[in-house]
Amino acid sequence: MKLNEKLYKKLNEQVKHELESAYIYYSMVSYFSAEGLDGMAQWMTAQAQEEIMHAHKFFNFIHERGVKVELQNLEILKTNWKSPLEAFKDALAHEEFITGKINDLMKLAIEVNDYAAKVLLDWFVAEQVEEEGSVGKVEQMLRRVGDSANGLMMIDRELGKRVFTPPPSEGE
Ligand SMILES: [Fe+2]
Ligand SMILES: [Fe+2]
């Protein structure tokens, strides 16, 4: 089935949004590393790697449908934050922005009866619930500890446990 032109444009744009997410999160990794918050840096590195995997999924889907992805310039960059809390607030706002994009894509896929795109997007709808959930949880923990250095160190240690595991299909 030929990919609808409008849907193609939006999917192509989503490749950019996912790479942009990785870019933003890597910027946060730099910030955390410079602050000596290695656990947070590791958590955010895993987050960035997941975003690259997301970009990959859209990338592959477009190519499988026989069209070419047109990469675009990445906009940003914020390179500094006042506190880990501010960074995680930005990360949460960004995930909410992405959820909106996924929902728009889903609406369009349904509109043009592209069931294959819908299956791809089903995965992303569920993924965004997880993404908002995990980022939101850290944001909530950070809000709770406030300025406590001990609290921050505890969260940092906790976040350092996260590792990125590539899904089997991406590791081939
Ligand atoms: Fe993503
Ligand atoms: Fe995400």
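User: Which protein donors does the iron ion (ligand 2) have?

Analyst: In this predicted model, the donors are Glu51 (OE), Glu95 (OE), Glu95 (OE) and Glu131 (OE). They lie 1.9 to 2.6 Å from the iron ion (ligand 2), and the cut-off for a donor is within 2.8 Å of the metal. In sequence, the donor residues follow the spacing E-x43-E-x35-E.

User: Why is the arrangement around the iron ion (ligand 2) called irregular?

Analyst: The four donor atoms subtend angles of 54 to 147 degrees.

User: Which parts of the chain does the pair Glu51 and Glu131 link?

Analyst: Glu51 coordinates both the iron ion (ligand 2) and the iron ion (ligand 1), which are 3.3 Å apart. The pair links distant parts of the chain, with Glu51 in helix H2 and Glu131 in helix H4 (residues 115-145), 80 residues apart.

User: What makes Glu51 and Glu131 buried?

Analyst: Buried means under 20% relative accessible area. Glu51 has a relative accessible area of 2%, so Glu51 is buried. Glu131 is at 2% relative accessibility and therefore counts as buried by that criterion.

User: Which residues coordinate the iron ion (ligand 1)?

Analyst: Glu18 (OE), Glu51 (OE) and His54 (ND1) coordinate the iron ion (ligand 1), at 2.1 Å. Their spacing in sequence is E-x32-E-x2-H. Here too the pair links distant parts of the chain: Glu18 belongs to helix H1 (residues 5-34) and His54 to helix H2 (residues 38-64), 36 residues apart. Both Glu18 and His54 are buried.

User: How do you know that Asp122 forms a salt bridge with Lys118?

Analyst: The closest N and O atoms of Asp122 and Lys118 are 3.4 Å apart, and the rule asks for a side-chain nitrogen within 4 Å of a carboxyl oxygen. Asp122 and Lys118 both lie in helix H4, four residues apart, about one turn of the helix. By this rule the count comes to twelve salt bridges.

User: Which network of salt bridges includes Lys78?

Analyst: Lys78, Lys82, Glu86 and Asp90 are linked in a network of salt bridges. Within it, the closest N and O atoms of Lys78 and Glu86 are 3.8 Å apart, and the cut-off is 4 Å.

User: Why is Lys68 called exposed, while Glu70 counts as partly exposed?

Analyst: Exposed means over 50% relative accessible area, buried under 20%, and partly exposed in between. Lys68 has 52%, so Lys68 is exposed. Glu70 has 43%, so Glu70 counts as partly exposed. These two residues form a salt bridge, with closest N and O atoms 3.5 Å apart.

User: What makes the protein chain as compact as a globular protein of that length?

Analyst: The secondary structure comes to five helices and zero strands. The radius of gyration is 17 Å, close to the 16 Å that the globule rule gives for 172 residues, so the chain is as compact as a globular protein of that length. Of the 172 residues, 42% count as buried.

Note on methods:
Residues numbered from 1 in each chain as written. Chains lettered and ligands numbered in written order. Predicted model: local features only at pLDDT ≥ 70, side-chain atom pairs only at ≥ 80, totals over all residues. Heavy atoms only, no water. Donors = N, O, S within 2.8 Å, 3.2 Å for Na, K, Ca; no water. Helix = DSSP H or I, 4+ residues; strand = E, 2+ residues; numbered from the N terminus. Buried < 20%, exposed > 50% of the residue type's maximum accessible area, 1.4 Å probe, protein only. Tetrahedral: all angles 85-135°; square planar, octahedral: opposite > 155°, others 65-115°. Rg over C-alpha atoms; globule rule 2.2 N^0.38 Å.
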